[in-house]
Amino acid sequence: MMKVGFIGAGNMASAMIGGIINSKLLSPSNIIASAKTDKTLANIKEKYKINTTKDSISLVKECDIVVIAVKPNVYEEVLKQIKDYIDNEKIIVTIAAGISINSVEKIIGNDKKIIRTMPNTPALVNCGMSSLSPNKNIEKNDIDAVKTIFDSFGKSEIVDESLIDVVIGASGSSPAYAFMFIEAMADCAVSYGMKREMAYEFCAQAVMGAAKMVLETKKHPGELKDMVCSPGGTTIEAVKTLENEGMRSAVINGMASCIEKSIEMSK
């Protein structure tokens, strides 16, 4: 069975590891994580019962697929440390905004197998959405293996790297927008007397159900919205107010600023 290594054990790596284990795709014994601090390693080992090490080089030697899950500002340092131990069969998976395939190839070699990905934190609850962008050295069995991993904690699609900044805005960062929306709805419910725990449950379940309707019915979101809006009713009154307050333009502008920041980071 293949072994997967994570260099870096922060929130995104933790979400991915949790998703893989929850789906039972791999056993904890087939997952290794490395990090700089004993505290980080102790936390992830206790949480998932996986193997851990402070030696990223030994991790690379042992694993078939290596996920580089560190902050973008230390990517170059990490890649230079491990580049001499990456053979032409190992698959290097990157997940950092602003780190292009070309920039990775310049460090480890353009003959190496690289897949640039962008998962999101709902991977932790098996509802992640990820993009996969392979370089020219990736073969079908390679992308199939990595897609199986990413599908184990949600959904994934093969996407041309030119769209990676849009992916970051559309799914990589967007859970934060959704959390803000749920929190705002719950705040209103609390202001009208509902207990906060109950408010979060009602609002979060409604958002999850609405998203599921979009995915499963394949109907246009506008059509689904119209199904809820009775003439002269409560929902259309809320929709009118949200339109007057600029909800759509706020979302579009916020997401556009996310995409532009991603483009800037790639330069």
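Let's start with Ser34: beyond its neighbours within four places in sequence, Ser34 is in contact with Phe6, Ile7, Gly8, Ala9, Leu41, Thr53, Ser56 and Leu59. Ser34 sits in strand E2, which covers residues 31–34. With a relative accessible area of 1%, Ser34 is buried, because the cut-off for that word is under 20%. Keep in mind as you look around that this is a predicted model.

**Another buried spot**

Now hop over to Ile99. You'll find Ile99 in the loop that runs between strand E5 (91–94) and helix H5 (101–108). Is Ile99 buried or exposed? Ile99 has a relative accessible area of 13%, so Ile99 is buried. Set aside the residues within four places in sequence, and the contacts of Ile99 are Pro72, Tyr75, Val104 and Arg116. For a sense of scale, take Asn51, which is 48 residues from Ile99 along the chain: the C-alpha atoms of the two are separated by 27 Å.

**Asp165, a charge without a salt bridge**

Asp165 belongs to helix H7, residues 164–172. Asp165 is buried, yet it has no salt bridge. Which side chain of opposite charge is nearest to Asp165? That would be Arg116, 5.2 Å away. Arg116 has already turned up here, among the contacts of Ile99.

What Asp165 does have is a polar contact of 2.5 Å, side chain to side chain, with Ser262. Not counting residues up to four places away in sequence, Asp165 touches Ile259, Ser262, Ile263 and Ser266. Those residues fall within helix H12, which spans residues 247–266.

**How H7 meets H8**

Two packed helices are described by the angle between their axes and the distance between the axes. For H7 and helix H8 (residues 174–191), the axes come within 5 Å and cross at roughly 30 degrees. That makes H7 roughly parallel to H8, because angles under 35 degrees count that way. Where do they meet? On the H7 side you have Ile168, Gly169, Ala170, Ser171 and Gly172, and on the H8 side Ser174, Pro175 and Tyr177.

**Salt bridges**

Side chains of opposite charge can pair when their charged atoms come close. How many salt bridges does the structure hold? There are 18.

| Pair | N to O distance |
|---|---|
| Lys140 and Asp144 | 2.7 Å |
| Asp151 and Lys147 | 3.0 Å |
| Glu264 and Lys261 | 3.9 Å |

Lys140 and Asp144 are 4 residues apart in helix H6 (residues 140–151), so about one helical turn separates them. Lys140 is exposed at 63% relative accessibility, while Asp144 is partly exposed with a relative accessible area of 33%.

Asp151 and Lys147 also lie in helix H6, 4 residues apart, about one turn of the helix. Both partners are partly exposed: Asp151 has a relative accessible area of 32%, and Lys147 has 24%.

Over in helix H12, Glu264 and Lys261 are 3 residues apart, about one turn of the helix. Lys261 is partly exposed, at 47% relative accessibility.

Conventions. Residues numbered from 1 in each chain as written. Predicted model: local features only at pLDDT ≥ 70, side-chain atom pairs only at ≥ 80, totals over all residues. Heavy atoms only, no water. Helix = DSSP H or I, 4+ residues; strand = E, 2+ residues; numbered from the N terminus. Buried < 20%, exposed > 50% of the residue type's maximum accessible area, 1.4 Å probe, protein only. Lys, Arg positive; Asp, Glu negative; His and termini not counted. Salt bridge = Lys/Arg side-chain N within 4 Å of Asp/Glu carboxyl O. Polar contact = N/O pair within 3.5 Å; in protein donor to acceptor, adjacent residues only side chain to side chain. Contact = heavy atoms within 4.5 Å. Axes fitted to C-alpha atoms, helices over the stretch in contact; angles between N-to-C directions. Parallel < 35°, antiparallel > 145°, perpendicular 65-115°, else oblique.
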